[in-house]
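Subject: Structure handover

Hello,

I am passing on the structure we spoke about.

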Amino acid sequence: MKNLIIFDCFGVLTSELAPVWFGKRFEPQQAKELKERYFGNADLGGKTINELMDDLACGLNIDRAVIIREFTEIFSLNVELLNYIRGLKRDRNDCDIALLSNAPKGLVESINKKYGLHRCFDKTFVSWQYGTAKPDRRFYEICINGMGAEYGKIFMIDDNPINLKGLSEMGITPVLFTNNTELFALLDGEI
């Protein structure tokens with residue numbers, strides 16, 4: 001029986017964006033509140049990434065071009081992990097691989113288009129498309145059911161412990177991502 005490995009995007013496959021950006025500009029509590037205020041509804045499909053950038057510029061009185069430049073400067077790919085995933089897809093047929101991300105419309109899609117990340121995954125699930133986001137159980141169920149197969153083991157790799165709570169009860173092995181070396185050792189031993 002195949003295994004399913006589900007990867008978070010931001011903070012795992014790429015650098016974290018919104019929390020880092022807000023954290024650089026605001027005190028911790030205010031950064032957390034502003035991130036939730038602006039991204040919460042957008043992640044559920046309320047706004048596109050372009051509309052969100054406009055809202056940030058207007059609401060925070062920061063030039064839109066500056067915001068985009070700063071987000072771009074923060075962004076990086078976890079190339080080592082992406083190569084590992086490509087190797088799994090190339091060398092093994094006992095794993096399906098999914099991307100499960102909280103993001104506004106257009107963000108993950110633009111990254112997929114620019115860097116070809118979609119080729120690393122059998123299916124991609126982005127919160128805006130479903131009107132629900134991690135850690136809501138429904139989003140994980142949408143992903144698993146959307147894969148269309150039965151699995152021996154299911155792993156969810158995420159850098160945010162909140163997104164991993166209660167997954168064991170759903171038959172999902174939660175994996176807190178801290179670094180590639182530990183993740184590779186765990187997956188190599190489990191799959």
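This is a predicted model: local features need pLDDT of at least 70, side-chain atom pairs count only at pLDDT 80 or more; totals for chains, interfaces and linings use all residues.

The largest pocket holds about 770 Å³ of space. Its lining is made up of 31 residues, and those closest to the centre are Glu16, Pro19, Lys35, Asp43 and Asn160. Two helices, α1 (18-25) and α2 (28-43), each give at least two residues to this lining. The largest share comes from α2, with eight residues. By type, the lining of the largest pocket has 16 nonpolar, six polar and nine charged residues.

The second largest pocket has a volume of about 400 Å³. There are 15 residues around the second largest pocket, and Ile68, Phe71, Thr72, Leu107 and Ser110 are the ones nearest its centre. Here α3 (49-60), α4 (64-74) and α6 (107-115) each contribute at least two lining residues. The largest share, five residues, belongs to α6. Nine residues of the lining of the second largest pocket are nonpolar, four are polar and two are charged.

Cysteines

A search of the whole structure for disulfides returns zero. Cysteine 120 is in no disulfide, and the nearest cysteine sulfur, which belongs to cysteine 9, is 11 Å away. A disulfide would need the two sulfur atoms to be within 2.5 Å.

Are cysteine 58 and cysteine 120 buried or exposed? Cysteine 58 has 67% relative accessibility, so it counts as exposed. Cysteine 120 has 1% relative accessibility and therefore counts as buried. The cut-offs are over 50% for exposed and under 20% for buried.

Strand β4

Strand β4 covers residues 154-158, and five of its five residues are buried, so the strand is largely enclosed by the rest of the structure. Ile154, Met156 and Asp158 point one way from β4, while Phe155 and Ile157 point the other way. The residues on both sides are buried.

Which strands pair with β4? Strand β1 (residues 3-7) runs parallel to β4 and is joined to it by four bridges. In one of the pairings between them, isoleucine 6 has methionine 156 of β4 as its bridge partner. Strand β5 (residues 173-176) also pairs with β4 in the parallel sense, over four bridges. There, the bridge partner of phenylalanine 155 is threonine 173 in β5.

Regards

Definitions and conventions
Residues are numbered from 1 along each chain as its sequence is written. Side-chain values use heavy atoms; hydrogens and water are left out. On a 1 Å grid over the protein atoms alone, a cavity is a set of points where a 1.4 Å probe fits but cannot get out, and a pocket is an open set with protein on both sides within 12 Å along at least five of seven lines; lining residues have an atom within 4 Å of a point. Grid points are joined across faces, edges and corners, and a volume is the space filled by probe spheres set on the points. Ala, Val, Leu, Ile, Met, Phe, Trp, Tyr, Cys and Pro count as nonpolar, Asp, Glu, Lys and Arg as charged, and the others, Gly among them, as polar. Buried means under 20% relative accessible area, exposed over 50%, partly exposed in between (1.4 Å probe, protein chains only). Two strands pair if DSSP finds at least two bridges between them.
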